Amino acid sequence: MKKECIAMLLAGGQGSRLYVLTGEMAKPAVPFGGKYRIIDFPLSNCINSGIDTVGVLTQYRPLELNSYIGSGQPWDLDGSTGGVHILPPYQGSKGGTWYKGTANAIYQNIGFIDLYDPDYVVILSGDHIYKMDYSKMVARHKAAGAACTISVMEVPWSEASRFGIMAVDGNDMITEFAEKPKEPKSNLASMGIYVFSWKALRRYLTEDEADPNSENDFGKNVIPAMLNNGERMAAYRFEGYWKDVGTLESLWDANMDMLSPASGLDLLDETWPIYARSVNAPPAFLGGDSQVHHSAFNRGSILEGTVENSVLAPNVVVSKGARVSYSVLMPGTVVKPGAVVEYAILGESCSIGENCHVGGTPEETAPDSWGLTVLAPGCSLAEGKEVRPGVMLDRNGEEVSR
Amino acid sequence: MNGLHGIIFSYEKRNDLRELSEIRSAASIPFGGRYRAVDFALSNLVNAGSTDVGVVLHGRYQSMVDHLGTGKAWDLSRKRGGLRLLPPFNYQKDWGVMPFRGKMEALAGVRSYLDTIRQEYVAMMDGDLVVNLPLADVYENHIKSGADITVVCGNDSFATADGTYYEKDADGRITEVLYNLNKPRGYRGLEVYIVSTTLLKELVDECNAKDQFSWRRDVLRAKKDTLNIRCYIWKGFAAQIRSVQEYYDRSMQLLDPAIRAELFCPERPIRAKGADKSSTYISDSGRCVNSLVADGCRIEGVVENSILFPGAVVEEGAVVRNCVLFKEDIVRRGAQLSYIIADKDVEVLEGRTLMGHATYPIVLAKGSIV
């Protein structure tokens with residue numbers, strides 16, 4: 001079945017900088033923004049952009065992700081041609097290996113891509129929160145007659161040395177690429193979203209695989225090789241909200257951004273819907289004494305205490321006399337009477353016992369060092385327990401260092 | 001294979017529902033913040049293991065057909081069996097004009113469908129019943145008791161429009177079938193029945209041959225002495241949505257945690273079609289208490305003792321008390337609403353004030369701008 005364009009979504013990474021949150025699931029499966037998981041963003045972007053064939057490359061702890069994606073039906077990616085396909089590493093007649101790098105993961109699935117004989121392949125990451133019309137990027141790729149188009153956005157000059165930075169000419173064609181340069185020549189940062197002409201990419205992947213010194217990575221190997229060979233490389237400027245949620249702080253930030261449409265992340269905008277596999281639960285109930293302000297919550301929740309500046313996933317309970325501030329609570333978490341949760345990320349199905357105190361404000365913690373408090377999914381705290389700011393607990397309640 | 005087939009009736013026009021049923025049948029009325037009445041019957045059946053369910057429709061069924069779709073939300077989109085929509089294809093009287101006069105006429109109207117039923121027993125339910133019945137238990141009781149027909153009753157004589165009431169002997173056998181009662185007495189029938197497929201077909205054919213159309217008159221009452229008709233008493237919450245007042249009172253009962261715990265018990269989940277909405281947001285200025293709130297709402301004003309469906313918006317300075325706001329309703333700045341049931345897509349403009357009363361809730365028709 002010939003397709004003009006298909007997408008390959010890199011979802012195999014552990015996401016080790018999310019620490020205990022990705023202890024048992026891959027990063028793209030981490031809950032985000034109340035009702036979503038991170039992977040809902042690229043999947044929804046695909047279907048909204050008219051891309052109906054998506055390969056999801058999985059490797060690290062894929063069970064949660066696999067069951068979440070299922071048939072792909074919540075994203076309308078269950079068509080009879082195309083749809084979403086989970087692509088784990090596999091054995092061939094000459095053996096097989098794990099995915100050694102981003103480029104190797106695609107290399108190992110050349111057979112899958114060839115099934116669709118596409119003109120263009122979009123390479124996506126499973127750890128970004130953004131709304132983007134990939135069809136515009138593909139249009140730019142075609143118009144530029146490029147072999148590769150990289151989406152870029154302007155970042156503050158002071159932060160440019162943290163990103164992969166592109167130098168471009170007057171037509172926004174890429175002249176130079178530097179990974180985390182000490183002295184950046186531009187402030188156009190790569191967003192890790194690429195469009196390739198499949199014929200060109202296929203050739204470069206094969207050459208890259210044959211090079212024993214290559215790390216088989218797009219940013220480190222394939223893109224530089226293409227540039228060195230003088231391939232036409234276009235930049236596609238993206239304007240709008242985009243955030244890499246690969247760290248605990250950025251994950252928390254992006255959740256908070258969701259509360260303020262002024263941040264640019266307006267999930268109420270139904271012209272570009274983000275789809276999710278929804279849980280089945282009755283509407284949320286807000287009790288007679290509840291105080292909920294500047295917060296988002298979801299179905300199945302019972303809120304009888306105070307909730308401020310927080311994002312609550314489905315089936316969360318905040319009991320009478322409990323207070324949740326500046327926190328992100330993932331599905332099924334229960335905060336018992338009198339407990340306080342501040343500046344924290346609580347994984348799925350955590351239980352916070354009565355009168356516990358989890359986390360604290362930066363002001364009250366000073367002059368001690370402050371940080372977000374993070375509890376692994378399934379962590380259960382006994383009555384009256386205190387968890388200091390910056391502390392991270394695994395599912396057994398043991399402290400884990402960053 | 002489970003032996004229980006479901007038939008849901010969604011053909012009756014209830015005038016007492018006023019504006020709420022102008023555009024839809026009673027079974028597709030939104031209820032409880034994110035459901036349609038028929039979700040309860042469907043979920044009850046599916047939770048009892050039914051894989052095949054037919055829905056008998058007649059008139060104003062666009063809303064119902066939209067809602068049910070392929071039946072996917074209830075796992076009834078199946079290769080074999082699954083959901084069957086049954087708009088009338090064999091009118092007995094006045095082609096396409098008259099609604100069915102009763103269940104027996106409705107079933108005669110889909111007579112050929114009855115022959116395709118694979119299961120030994122049929123559970124018949126009305127689409128306007130809001131309940132979470134342990135239907136598997138009712139079914140088991142039906143078989144154990146040797147009944148020809150099991151009638152499920154509420155443990156009360158609550159008055160409902162056009163209700164059927166039953167009297168029984170100590171043994172559980174129905175001794176009287178009552179309707180058109182000025183003052184209801186006996187056990188309130190929930191219009192849920194279990195009967196064997198064979199007997200049902202015989203009864204439909206017999207009634208059809210005699211030009212009889214009423215299940216309660218021509219079957220239950222007429223045959224109460226010859227058939228073993230027994231009742232199953234359900235002591236929990238069971239609401240029949242047949243008038244505006246009943247709709248309002250029953251909706252408000254959901255603010256009681258005990259009733260919610262019973263109706264939404266986790267062992268028998270009530271499934272509904274998911275709306276692709278984001279989280280609900282309450283702003284700094286918003287205040288929302290003692291209310292049931294679905295996804296995708298935006299609350300910047302005051303909401304008390306109310307039920308909000310997905311996407312309802314209450315702007316800053318607006319006050320909504322004791323109301324039911326359907327999908328995508330907008331209450332603009334400074335507007336005040338009490339005891340209002342606002343159908344879908346209603347917009348109440350800035351500063352408007354509308355007040356009903358607990359004994360006379362006002363209904364705003366779909367799409368109205370106040």
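## Interface of chains A and B and selected elements of chain A

The contact draws 34 residues from chain B and 31 residues from chain A, where contact means heavy atoms within 4.5 Å. The model is predicted: local features need pLDDT of at least 70, side-chain atom pairs count only at pLDDT 80 or more, and totals for chains, interfaces and linings use all residues. Residues are numbered from 1 along each chain as its sequence is written, chains are lettered from A in the order in which they are written, and side-chain values use heavy atoms, with hydrogens and water left out.

Between them, chain B and chain A bury about 2600 Å², 48% of it on carbon and sulfur atoms; buried area is the accessible area (1.4 Å probe) that two parts lose on being put together, summed over both. The rule finds two salt bridges across this interface, a salt bridge being a side-chain nitrogen of Lys or Arg within 4 Å of a carboxyl oxygen of Asp or Glu. One of them joins the side chains of A:Arg299 and B:Asp295 (3.0 Å, N to O).

A:Arg299 lies in the loop between strand S16 (295–297) and strand S17 (302–303) of chain A; strands are DSSP runs (E, at least two residues) and helices likewise (H or I, at least four), numbered from the N terminus. A:Arg299 is buried, with a relative accessible area of 5%; buried means under 20% relative accessible area (1.4 Å probe, protein chains only). A polar atom of the A:Arg299 side chain lies 2.8 Å from the backbone oxygen of A:Val279. Not counting residues up to four places away in sequence, A:Arg299 touches residues of both chains, among them A:Pro314, A:Asn315, B:Arg34 and B:Gly274.

Two strands pair if DSSP finds at least two bridges between them.

In chain A, six strands form an open sheet with parallel pairing, in the order S15-S18-S21-S24-S27-S30. Strand S15 (291–293) and strand S30 (386–387) of chain A stand at the edges, each with a single partner strand, so one side of each is left without a neighbour in the sheet.

Helix H8 (residues 248–258) of chain A is largely enclosed by the rest of the structure, because nine of its eleven residues are buried. The buried residues include A:Leu248, A:Trp252 and A:Asp257.

Terms used:
Buried means under 20% relative accessible area, exposed over 50%, partly exposed in between (1.4 Å probe, protein chains only). A polar contact is a pair of N or O atoms within 3.5 Å; within protein, one must be able to donate a hydrogen and the other to accept it, and residues adjacent in sequence count only if both atoms are side-chain atoms.
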